[in-house]
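Before reading on, please take a moment with the sequence and the model together.

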Amino acid sequence: MADLTEILKPYGEWIIAIVTVLYVVYIYANRERFRSASMLALAGILAALVAVATTIIRVPTPATGGYLTFGDTMVMFSAMVFGPVVGVFAGGVGSALGDIMGGYPGWAPITLVVKGLEGLLVGYIAMKNDSTGNLIVAGVIGGTAMVLGYFTFEAYMFGVPAALTEVPVNTLQAVTGVLVGTGLAKVVKKRYPEALDLI
């Protein structure tokens, strides 16, 4: 079986560009619900922060060609503070950009889906209420989706034994994301409640 990450290498940037255009169209079409200019600017800035957080610290995992990163902290923070619409873009596009910038372009389309789903779930659950407990639940559900998403892909491509070696690494990413993301979200929501007016 051909390595799908090798097949996808040339297409990562195109897929991200198409998703970005679709996101802009979605925000514009729903401009009655969102402050479209500030929403797009905020989503872009947070996607850039996720990309930077993803590339700053990378620990390769040889069994599957993936790597450990702490970009999940910014994915969860973005979704917890600004909700699912920003979370899905910052998580998916930001993490996929981090893959491309970090030399893993074949992983970008997979990351786009997995981390986008993580941001969507965390943001959707977190918008229900601001309690610490709810934010932690949101992070745990989003982090679990991320771990299972990568495990499913890696089990298909590399086999279950190789995929299992990634589970502890991805779980560490998720736990760090929950702890740091929740802490940052609580601080920002308490000290800068006007930030929520941007959306």
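The model is predicted, so local features are given only at pLDDT of at least 70 and side-chain atom pairs only at pLDDT 80 or more, while totals for chains, interfaces and linings use all residues. Residues are numbered from 1 along each chain as its sequence is written, and side-chain values use heavy atoms, with hydrogens and water left out.

**The second largest pocket**

Rolling a probe the size of a water molecule over the atoms shows where empty space is left. A pocket here is an open set of points on a 1 Å grid over the protein atoms alone, where a 1.4 Å probe fits and protein lies on both sides within 12 Å along at least five of seven lines; lining residues have an atom within 4 Å of a point. The second largest pocket has a volume of about 190 Å³, a volume being the space filled by probe spheres set on the points, which are joined across faces, edges and corners. Among its lining residues are V19, Y23, Y26, P84, F89, L112 and L120. Two or more lining residues come from each of helix 2 (12–29), helix 5 (84–101) and helix 6 (108–126), and helix 5 gives the most, with six residues. Helices are DSSP runs (H or I, at least four residues), numbered from the N terminus. By class, the lining holds 10 nonpolar, two polar and no charged residues; Ala, Val, Leu, Ile, Met, Phe, Trp, Tyr, Cys and Pro count as nonpolar, Asp, Glu, Lys and Arg as charged, and the others, Gly among them, as polar.

V52, I56, I57 and V59 make a nonpolar surface patch of about 350 Å². Such a patch joins nonpolar side chains (Val, Leu, Ile, Met, Phe, Trp, Tyr) within 5 Å, from residues with over 30% relative accessible area and no salt bridge, and accessible areas come from the Shrake-Rupley method with a 1.4 Å probe. I56 belongs to helix 3 (residues 36–56) and counts as exposed because its relative accessibility is 61%, where exposed means over 50%, buried under 20% and partly exposed in between.

**Salt bridges**

Side chains of opposite charge can pair when their charged atoms come close. With a salt bridge taken as a side-chain nitrogen of Lys or Arg within 4 Å of a carboxyl oxygen of Asp or Glu, the count comes to three.

| Pair | N to O distance |
|---|---|
| K9 and E6 | 3.2 Å |
| K115 and D72 | 3.1 Å |
| K189 and D130 | 2.7 Å |

K115 lies in helix 6 and D72 in helix 4 (residues 72–82), so the pair ties together parts that are 43 residues apart in sequence. K115 is buried at 3% relative accessibility, and D72 is buried at 0%. The pair of K189, in helix 8 (residues 160–191), and D130, in the loop between helix 6 and helix 7 (132–158), links distant parts of the chain, 59 residues apart. K189 is buried at 16%, whereas D130 is partly exposed at 43%.

R35, in the loop between helix 2 and helix 3, is exposed at 53% relative accessibility, and its C-alpha atom is separated by 32 Å from that of T69, 34 residues apart along the chain. Y26, in helix 2, is partly exposed at 36%, and the C-alpha atoms of Y26 and A51, 25 residues apart along the chain, are separated by 22 Å.

Definitions and conventions. Patches are made of residues with over 30% relative accessible area and no salt bridge: like charges are joined within 9 Å, nonpolar side chains (Val, Leu, Ile, Met, Phe, Trp, Tyr) within 5 Å. Buried means under 20% relative accessible area, exposed over 50%, partly exposed in between (1.4 Å probe, protein chains only).
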